[in-house]
Amino acid sequence: MSGGLVTEPTDSDLMTLATPYALHAVSQVEQDAIERQLADAPELVARAFTDEVRAVRETMAVVSAATAVDPPAQLRDRLLAAIDDHAPLPRLSPPQRRKWQSIALSAAAALIVGLIVVGIGWAIRPEPKPTTAEQIFTASDVRTVSGDIPTGGTATVVFSRERNAAVLVMNNVAPPEKGTVYQMWLVGADGAKSAGTMDAAAVAPSTTAVLPDLGSSKALAFTVEPGTGSTQPTTPIFAELPLT
Amino acid sequence: MTFLEFASRLPGVTADLDALLRRVAQHDVDAFTAFYDNTRARVFGLVTRVLRDPGYSEETTQDVYLQVWRNASNYDPNAGSPISWLMTLAHRRAVDRVRSEQAASQRESRYGAANVDLPADRVAEAVIDLDERRQVTECLGSLTDAQRECIQLAYYDGLTYSQVSDRLSANLATIKSRMRDAIRGLRRCLGVS
């Protein structure tokens, strides 16, 4: 007879059940018994069980590459229609305070995905020289900071101190007024250093720029400057992304 | 080198799915779409593998992603990677569906000989790297037949380990240790930390 558990498992039984549990290869009754037991188990046992479950699931997540099959395209449409029916939460509008850190940008996400694909191709099939963007995305200290531009749109910086470089993505930012440009400044203890300008044509609807030398700067700041830009900011900073 | 091996050393990848999930939790449709496009082949492929019925598989895949849409805020980065969270959710759904169909029809399991043949006809072009797929296939191939049979029955056919033990006329302890050894073998072969 090889039926299910009739009693609560002991601690050592519990550990032998970690793999079947992680693979969903226990009955509902057994699963409930395991979870009750786990709640009362000594912390070390519970942690060992959880670690084992986690390792099994991470492993099977990798194994899922072996069975990957693209779903029919209409599934995507149906899904997007279905989520449309669920009343979306109001979009985060940041009128009171701009939380630079917390806002991710879909355009940046798409860029990141694109560059990661490039990065993987590059890792497997060695290519002569990775671009600055690739180097940033593959750096061990890569970080992303995003925030709204007060006049509309979003800016995202993906940067690496190790690579001493950043990629800036501007999305849906209103163009500067005629006769002016947006100027980017790397701000450090020793003041602001120009990191380039963007005119109306460069801004809309989205743009990316590589900032090759971060130096010891602490933030990337934006000002409106007359003509084709200035050597030092001449107007107040209207947006700032921390590079820390 | 596998995708995830590479990705695990690439904070951008994990951070990226993490970041997308955080946005999904705030009902950001663009983030949801990007998350779907990056993971759909793994999810649909696994669900299809378990359910073996295109209609059920599409329904279940849709359920999985609706659950992601509603419950993305439940994802806890400390408990595992986003892809592991997603695949666990997908597998749970698929297994629940298989078991309820089987209970409803009371039929003998339709599954025959154990196998881990891969669907060679339709391969996901996007996102999944062919080298990665090849490596996973090789690692599955490096298991013993008995270990592979256990994974097939328990993971892809949705049997409980008790049912696997009945099916193979082997005792429970043997089945549990075969399953554990199979996963350990895969884990070592794939370099999953």
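**View 1. The buried residue V192(B), in the segment after α9 of chain B.** V192(B) counts as buried because it has 21 C-beta neighbours inside 10 Å, where a residue is called buried if 20 or more other C-beta atoms lie within 10 Å of its own, exposed if 12 or fewer, and partly exposed in between, with C-beta atoms placed from the backbone. This residue is found in the segment that follows α9 (172-190) of chain B; helices (H or I, at least four residues) and strands (E, at least two) are DSSP runs, numbered from the N terminus. Leaving aside residues up to four places away in sequence, V192(B) touches E58(A), T59(A) and V62(A), together with R187(B), a contact being a pair of residues whose C-beta atoms, placed from the backbone, lie within 7 Å. The model is predicted, and local features need pLDDT of at least 70, side-chain atom pairs count only at pLDDT 80 or more, and totals for chains, interfaces and linings use all residues. Residues are numbered from 1 along each chain as its sequence is written, while chains are lettered from A and ligands numbered from 1 in the order in which they are written.

**View 2. Chain B as a whole, with its 9 helices and 0 strands**. From the N terminus on, the elements of chain B run α-α-α-α-α-α-α-α-α. Of the 193 residues in chain B, 50% are buried. Among the contacts in this chain between residues at least 6 apart in sequence, 66% join residues at least 24 apart.

**View 3. The crossing of α3(B) and α4(B)**. Two packed helices are described by the angle between their axes and the distance between the axes. The axes of helix α3 (residues 29-51) of chain B and helix α4 (residues 54-71) of chain B come within 9 Å and cross at roughly 140°; axes here are lines fitted to C-alpha atoms, for helices over the stretch in contact, and angles run from 0 to 180 degrees between N-to-C directions. α3(B) and α4(B) are therefore oblique to each other, since angles under 35 degrees count as roughly parallel, over 145 as roughly antiparallel, 65 to 115 as roughly perpendicular and the rest as oblique. The crossing of α3(B) with α4(B) is right-handed, a crossing being left-handed if the near helix is turned anticlockwise from the far one by less than a right angle, and right-handed if clockwise. Residues of α3(B) in this contact include F32(B), Y36(B) and F44(B), and those of α4(B) include Y56(B), Y65(B) and W69(B). The residues of the contact of α3(B) with α4(B) comprise 10 nonpolar, 4 polar and no charged, with Ala, Val, Leu, Ile, Met, Phe, Trp, Tyr, Cys and Pro counted as nonpolar, Asp, Glu, Lys and Arg as charged, and the others, Gly among them, as polar.

**View 4. Helix α7(B) against α8(B) and α9(B)**. The axes of helix α7 (residues 145-156) of chain B and helix α8 (residues 161-168) of chain B come within 9 Å and cross at roughly 130°, and α7(B) and α8(B) are therefore oblique to each other. Their crossing is right-handed. Here C150(B), L153(B) and A154(B) in α7(B) meet Y161(B), V164(B) and R167(B) in α8(B), a contact with 5 nonpolar, no polar and 1 charged residues. The axes of α7(B) and α9(B) also come within 9 Å, crossing at roughly 100°, which makes α7(B) roughly perpendicular to α9(B). Among the residues of that contact are A146(B) and I151(B) of α7(B), and M179(B) and G185(B) of α9(B).

**View 5. The hairpin of β1(A) and β2(A)**. Strand β1 (residues 143-148) of chain A is mostly covered, 5 of its 6 residues being buried. It is joined by 6 bridges to strand β2 (residues 154-160) of chain A, and the two run antiparallel; two strands pair if DSSP finds at least two bridges between them. G147(A) stands opposite A155(A) in β2(A). The hairpin has 5 residues between its strands, and G152(A) takes a positive phi near 120°.

**View 6. An open sheet of 4 strands in chain A**. The strands follow the order β5-β4-β7-β8, and the pairing is antiparallel. Its edge strands are β5 (191-198) and β8 (239-242) of chain A, each pairing on one side only. Strand β4 (residues 180-188) of chain A is joined by 8 bridges to strand β7 (residues 219-226) of chain A, with M184(A) opposite F222(A) and W185(A) opposite A221(A). β7(A) and β8(A) pair over 4 bridges, and L220(A) has L241(A) as its bridge partner in β8(A).

Notes
Contact = placed C-beta atoms within 7 Å.
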